[in-house]
Amino acid sequence: MVYTTIKGFRDILPKEMPFWERVEAEARGLFKVFGFKEIRTPVLERTELFARTIGQDTDIVSKEMYTFQDAKGRSLSLRPEATASIVRAYIQNRLYHESGSQKLFTIGPMFRHERPQKGRFRQFHQINVELFKDPGPRSDADIILLAMTLVKRIGLKELSLILNSIGCKECRPRFRDNLKGYLVSVRDQLCSDCQRRAETNPLRVFDCKVEACKDALKEAPKILEFLCEDCRIHFNTLRDYLETLGIDYLIDQSLVRGLDYYNRTTFEIQSHALGAQNAVLGGGRYDGLIKQLGGPDEPAIGFALGMERVVMLLSEALEIETDGPDLFIATLGKEAEKEALVWAARLRKEGVRVELDYSPGGLKAQMRRADRLNAKKVLIVGEDELQRGKAVLRDMDTKVQEDVEITGIVEKLVQVLKP
Ligand code: HAM
């Protein structure tokens, strides 16, 4: 039996890693500048944590979680996203005691049992950012600025920022009732899931991917018309800040974002270069969640970027050349092999990237390997060279060769290779 990965799960191979490293490095650099600190939470949590926060009626909780019972009969789930876990950790570790707004980020795998397709996997990775304690809208603008700066720094192009407000617990019930009334009038056109959602959690109909449902929703009531005064001011002030920051956006009143915990600001960054799964990043405000989970009554906002989608776009758009080693040591004969092992150890201690063959063949084969590895220089050493007291150093670009005295060779090589 040949074992392979299970459906929707994939290996990230060494040749893809430069893209992953680049995305992570840009994110980490930017988070430092914006004052975000890293947090890592477990991938496994109590199922209830996700059910209560993301919502029973969402696709994520009702269909997509990897859930199982442990030996004691407790229901556990692999995290489908990071926000719920970070809020749990924030409360459990009393991070709210620290002064000022708390800014946290995490990078790691998430799990959703969705139908795999281009850009959609069952294990995928997110770069996730959360900002606690600030009610906005200045922090909303700053978080969106961070998101836009991040995708641009990574090198993504052809992007749109989509913005919406889904109101608060004061004004949303009015919208929900109105929407419910409308959904009754188009009930026959809705899929069975949406017919159920229309009763239990009407806003979730906007997440439906079924074309007939999308059509039926074209004439649905518009959320922005239902915002209370505070939500309207919040939204308009945010728009004003974004315009001041020179950030273009489009308003889409159906952007309700598939998770129940959001209120007020919701946003997504979409790429025109992706197919159906065009969201590279999504986020929003969730002011009631910390209190709902037993923490203080503090507002919060955040977003998550899907790394697979970003890496896919990057790898289609550019080639990252993997840097070869600084030096390849080609050896002939046992004595030279032994010397080379010692030199390599000392050179690596100095930070020089050295490669050598553990079971070297002929010189030609070793030179070919050095070439394939993209080595900058090759040091050639055999019995003759050891007797002469001089090895040969070849520059792989210019093909120029020079002798290097074996006495003090490591120091000389360090000088040449790490000037
Ligand atoms: P989300 O929109 O569910 O939000 O996911 C964020 C991003 O993760 C998506 O825009 C997409 O790029 C990526 N993503 C989601 N599902 C998959 C999948 N199956 N395969 C590949 N990529 C995927 C959240 O998860 C929220 N927790 C974001 C947030 C943080 N809101 C506030 N704070």
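First, the ground rules. The model is predicted, so to speak of local features we ask for a pLDDT of at least 70, and side-chain atom pairs count only at pLDDT 80 or more, while totals for chains, interfaces and linings use all residues. Residues are numbered from 1 along each chain as its sequence is written, and side-chain values use heavy atoms, with hydrogens and water left out.

Let's start with the whole protein. It has 15 helices and 16 strands. Both are DSSP runs, numbered from the N terminus: helices are H or I with at least four residues, strands are E with at least two. The radius of gyration is 28 Å, well over the 22 Å that the globule rule gives for 419 residues, so the protein is more spread out than a compact globule. That radius is taken over C-alpha atoms, and the rule is 2.2 Å times the number of residues to the power 0.38. Along the principal axes, the C-alpha atoms fill a box of roughly 95 × 55 × 45 Å.

How much of the protein is buried? Buried residues make up 52% of the 419. Buried means under 20% relative accessible area, exposed means over 50%, and partly exposed is in between, with a 1.4 Å probe and protein chains only. The accessible surface comes to about 21400 Å², and 49% of that belongs to carbon and sulfur atoms. These areas come from the Shrake-Rupley method with a 1.4 Å probe; for residues, only the protein chains shown count as cover.

Now contacts, meaning heavy atoms within 4.5 Å. Take those between residues at least 6 apart in sequence: 70% of them join residues at least 24 apart.

Next, charge. There are 65 positive and 63 negative side chains, and the centres of the two sets lie 3 Å apart. Lys and Arg count as positive, Asp and Glu as negative; His and the chain ends are not counted. Each charge is placed at NZ of Lys, CZ of Arg, CG of Asp or CD of Glu.

Side chains of opposite charge can pair when their charged atoms come close. A search of the whole structure finds 29 salt bridges. The cut-off is a side-chain nitrogen of Lys or Arg within 4 Å of a carboxyl oxygen of Asp or Glu.

Three of these pairs deserve a look. D57 and R196 meet at 3.0 Å, N to O. D57 sits in the loop between helix 2 (47-54) and helix 3 (59-63), R196 in helix 7 (residues 192-200), and the two are 139 residues apart. D57 is buried, at 16% relative accessible area. R196 is partly exposed, at 35%. Both belong to a salt-bridge network that also links D59, K63, D193 and R197.

The second pair is D260 and R204, at 2.5 Å, N to O. D260 lies in the loop between strand 8 (250-251) and strand 9 (263-271), and R204 in the loop between helix 7 and helix 8 (211-216), so the pair ties together parts that are 56 residues apart in sequence. R204 is buried, at 3% relative accessible area, whereas D260 is partly exposed, at 28%.

Which buried glutamate has no salt bridge? That is E308, and its nearest side chain of opposite charge, R10, is 4.8 Å away. E308 is found in helix 11 (residues 307-317). Beyond its neighbours within four places in sequence, its contacts include R10, W20 and F121.

Another buried glutamate is E385, at 15% relative accessible area. E385 lies in helix 14 (residues 383-388). From E385 to E98 is 287 residues in sequence and 65 Å in space, C-alpha to C-alpha.

Last, the backbone. Most residues other than glycine have a negative phi, and most peptide bonds are trans. G136 and P137 are joined by a cis peptide bond, with omega about 5°. P137 is in the loop between strand 6 (123-132) and helix 5 (138-154).

Where is N374, with its positive phi near 70°? N374 is in the loop between helix 13 (363-372) and strand 14 (377-382). K399 also has a positive phi, about 65°. K399 sits in the loop between strand 15 (390-395) and strand 16 (401-405), and is partly exposed, at 46% relative accessible area.
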